[in-house]
Amino acid sequence: MVKGMKVLIVGEFTKQTKEIILSLFPKKWAVVILPPGEEMMKHLEDCEVLIPEHIQVDEELLATAKELKFIQTGAGFDNVDVDACTKFGVRVANAAGVNAQAVAEHVMALMLAYFKNIPQLDAFMKNREDENRLSYAGSELEGKTIGIIGMGAVGKKVAAFCQAFGMKVFAYARNTAGTAPGSVKMCSFDTLVREADIISVHVSLNQQTKKLIDAATFKKMKKNAVVINTARGGILAEQDLIEALKTGEIAGACLDVFEEEPLAKDSVLRDMQNVILTPHTAGMPDGYKIHQKRYAFFVANIERIVKGEQPQNNLNAF
């Protein structure tokens with residue numbers, strides 16, 4: 001791989017966002033930003049590095065990318081067939097942990113917005129309604145139990161934030177070794193969903209976690225339970241969630257991710273008063289749907305590849 005390598009970033013970005021992204025890469029690199037499509041496929045043929053923001057990487061795509069040496073993803077890598085990449089001799093790395101602070105803060109913002117009724121109160125004030133007729137049910141976080149599914153970088157930060165608010169923290173992780181900071185109580189999945197007032201999802205999407213939370217899981221939850229998902233939409237069975245919200249099996253949800261993105265304009269989730277929605281921006285604190293710390297990580301990792309070093313967060317060592 002030569003120092004002036006070609007980097008292809010595939011995603012839907014505004015002109016201003018593209019300019020910001022390009023400014024974060026060394027000038028000597030040929031960096032191309034394109035949406036999925038025919039033009040992208042032409043550049044895929046001779047790119048050496050691929051950053052697939054909004055595209056699936058499978059064997060068919062890899063067969064076209066003759067010069068590809070390295071794929072860099074964000075925190076999640078469910079859009080990349082890592083085994084197929086290994087077969088084609090292409091290294092893959094993710095950026096796990098880089099956006100942990102941003103996502104954890106977003107979780108707390110959603111939590112506070114829900115229990116302090118911020119969207120409703122904001123709409124009430126802007127509609128210039130009579131404040132003598134104000135009626136709402138707020139609640140404090142202190143004393144509530146949060147159940148955190150997944151204790152990686154984000155899960156641990158959420159746990160620390162919740163402890164600062166005086167909350168009880170339960171957590172479930174498949175690998176429990178060294179995952180319980182402070183007074184976090186590690187427990188089984190069933191115990192967590194039965195005992196938690198708030199359930200926050202922080203695991204990767206894979207075959208084991210796809211639709212991990214489904215109709216049967218919602219039935220086990222408290223009637224006042226609130227589900228927060230800033231991980232991947234496919235971890236929740238979306239239609240089952242909608243039914244649970246409609247029937248009162250659970251109280252509410254705060255969602256930043258969805259099974260299909262962008263969320264359909266006619267999705268019933270958009271009309272539900274017990275749901276707060278954000279457009280997959282939990283890990284994007286810098287605006288313009290980018291995260292500068294993440295792109296700084298991308299550049300540093302590509303430079304490791306140039307030097308013949310192992311990339312950080314390598315997913316398929318060979």
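Reader: Hi! Which residues of helix H10 are buried?

Author: Hello! This is a predicted model, and in it the buried residues of H10, which runs over residues 238-247, are Glu 238, Leu 241, Ile 242, Ala 244 and Leu 245. They cover an arc of only 165° around the axis, which puts them on the same side of the helix.

Reader: Why do residues a few places apart point the same way in a helix?

Author: An α-helix has 3.6 residues a turn, so residues three or four places apart end up facing the same way.

Reader: Nice. Which residues of H10 are exposed on the other side?

Author: Lys 246 and Thr 247 are exposed there.

Reader: And what covers the buried residues of H10?

Author: The cover includes helix H9 (215-220), strand S11 (252-255) and strand S12 (275-277).

Reader: Okay, let me zoom out. How many helices and strands does the protein have?

Author: There are 11 helices and 12 strands. The radius of gyration is 21 Å, close to the 20 Å that the globule rule gives for 318 residues, so the protein is as compact as a globular protein of that length.

Reader: What does the C-alpha trace span along its principal axes?

Author: It spans about 65 × 50 × 35 Å.

Reader: How much of the protein counts as buried?

Author: Of its 318 residues, 47% count as buried. The accessible surface of the protein comes to about 15,700 Å², and 49% of that belongs to carbon and sulfur atoms.

Reader: What about contacts between residues at least 24 apart?

Author: If you take contacts between residues at least 6 apart in sequence, 61% of them join residues at least 24 apart.

Reader: Is Ile 33 buried or exposed, then?

Author: Ile 33 counts as buried, at 9% relative accessibility. Leaving aside neighbours within four places in sequence, Ile 33 is in contact with Ile 9, Phe 13, Lys 18, Ile 21 and Leu 22.

Reader: New topic: where is Asp 256?

Author: Asp 256 lies in the loop between S11 and S12. At 1% relative accessibility, Asp 256 counts as buried.

Reader: And what does Asp 256 touch?

Author: Not counting residues up to four places away in sequence, Asp 256 touches His 106, Asn 229, Thr 230, Glu 261, Thr 278, Pro 279, His 280, Thr 281 and Ala 282. Ala 282 is 26 residues from Asp 256 in sequence, with 6.7 Å between their C-alpha atoms.

Reader: You mentioned Glu 261. What is the peptide bond from there to Pro 262 like?

Author: That bond is cis, with omega near 0°. Pro 262 is also in the loop between S11 and S12. For background, most peptide bonds are trans, and most residues other than glycine have a negative phi.

Reader: Which phi does Asn 117 have?

Author: Asn 117 has a positive phi of about 55°, although it is not a glycine. You can find Asn 117 in the loop between helix H5 (100-115) and helix H6 (118-126), and it is buried, with a relative accessible area of 9%.

Reader: And what about Lys 211?

Author: Lys 211 has a positive phi of about 55° and is not a glycine either. Lys 211 is in the loop between strand S9 (198-201) and H9. With a relative accessible area of 43%, Lys 211 is partly exposed.

Reader: Last one: where is Gln 310, and what is it in contact with?

Author: Gln 310 is in the segment after helix H11 (292-306). Neighbours within four places in sequence aside, Gln 310 is in contact with Arg 91, Arg 304 and Ala 317. Gln 310 is partly exposed, with a relative accessible area of 41%. The C-alpha atoms of Gln 310 and Ala 93 are separated by 9.6 Å, while along the chain the two are 217 residues apart.

Methods: Residues are numbered from 1 along each chain as its sequence is written. This is a predicted model: local features need pLDDT of at least 70, side-chain atom pairs count only at pLDDT 80 or more; totals for chains, interfaces and linings use all residues. Side-chain values use heavy atoms; hydrogens and water are left out. Buried means under 20% relative accessible area, exposed over 50%, partly exposed in between (1.4 Å probe, protein chains only). Helices (H or I, at least four residues) and strands (E, at least two) are DSSP runs, numbered from the N terminus. The arc is that of the directions from the helix axis to the C-beta atoms. Contact means heavy atoms within 4.5 Å. The radius of gyration is taken over C-alpha atoms; the globule rule is 2.2 Å times the number of residues to the power 0.38. Accessible areas come from the Shrake-Rupley method with a 1.4 Å probe; for residues, only the protein chains shown count as cover.
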